[in-house]
Amino acid sequence: MDLISLPPCSRRTELTAMANEQPMALSPASTSAIKISTTFLKTPVKTDQEILQNSMLEDDPNSNTILPSNELSEEHRTSLEKPARWGPRHKGAQELAKLYSNGKRTQELICVYICISLMILNLGLILRHFRLERISNVVVAAIFGILTADFGSGLVHWGADTWGSVDLPIVGKNFLRPFREHHIDPTSITRHDFIETNGDNFMVALPILGKLAWNFFTKTNAEIQQDYAISAYLFLCSIFIAMTNQIHKWSHTYWGLPKWVLFLQNHHIILPRRHHRIHHVAPHETYFCITTGWLNWPLEKIKFWSTLEAIIELSTGHKPRADDFKWAQKRT
């Protein structure tokens, strides 16, 4: 069942059922999502039971559209007094949200504005030097740019999810904190504005866009034409990198998405919601790529992430996701 297409009265009924937490009463959409790992992907990434017991409901998992208290059942009102398993009432999530500082906000604002300026500048330079005979090069550059961004998103996501601590100086509160919060309150990202959602990814794209603009202004026209395919690749890759967390946000958004976003999700051009749900099965150990998710299945098939984790744990003695687990346990 797709709640987005339901009329308000039916949607309210469905939300009430979810609020009452009846885990076995799965909708067809949820059942379909659970079967992804065994049918569409042709390999068991997670069993049906693991997904059922260790992930949130497919639709509005944290009651992000909260029901008025008079519409909640007595049973659910009583359950609200218990320690939250996940969501905005989870103690760990609340502590992590409070660590978002004014300094971090300033850094994000600066990065977003500079990055957008460089995007516009580089787009103009790319179009200025475009030649129609190079269209095939641009298409190939776009494909490789998407794949690079998807793998890069997985590498960063895996590293930040799996290693390090929020207590680390500078890096911890500023860059690891959002990853810890996201696992215990996944739809918090849907309550973040454009700046908070995209600030860090725009920061990652800045060096690429800066170097690209430098090349355009310092190279001769002949050199620019010779390196045009590489320039197109770097530009498109930087765009995909910058937009990764916005795409990630859309994968957690269940109401009000534009039709063009739904089209891209439904055709797996960008990260689909049901596909990303596999990552949000505790202990969040798979499907880290969040730009398109195209590389998730092949990387899982060759045990890429688990092999890296085994090597690092053997070499350092550090256990993967120890800090993530610590914050997840702060329920009281």
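## Salt bridges

Let's start with a pairing: Asp185 and Arg191 join their side chains in a salt bridge, 2.6 Å from N to O (the term means a side-chain nitrogen of Lys or Arg within 4 Å of a carboxyl oxygen of Asp or Glu). Shared partners also tie Asp167, Arg180, Asp323 and Lys326 into one salt-bridge network. By this rule there are twelve salt bridges.

This is a predicted model, where local features need pLDDT of at least 70, side-chain atom pairs count only at pLDDT 80 or more, and totals for chains, interfaces and linings use all residues. Residues are numbered from 1 along each chain as its sequence is written, and side-chain values use heavy atoms, with hydrogens and water left out.

Asp185 counts as buried because its relative accessibility is 2%, while Arg191, at 40%, is partly exposed. Buried means under 20% relative accessible area, exposed over 50%, and partly exposed in between (1.4 Å probe, protein chains only).

Another bridge pairs Arg105 with Asp193, again 2.6 Å from N to O. It links distant parts of the chain, 88 residues apart: Arg105 sits in helix α6 (residues 102-128), Asp193 in the loop between α8 (171-184) and α9 (194-218). Helices here are DSSP runs (H or I, at least four residues), numbered from the N terminus.

## Transmembrane stretches

An unreviewed UniProt entry lists residues 106-127, 139-160 and 228-247 as "transmembrane region"; such annotations may be inferred rather than shown by experiment. Residues 106-127 are 100% helix, with end C-alpha atoms 32 Å apart. Residues 228-247 are 100% helix too, and their end C-alpha atoms lie 27 Å apart.

Note on methods
Helices (H or I, at least four residues) and strands (E, at least two) are DSSP runs, numbered from the N terminus.
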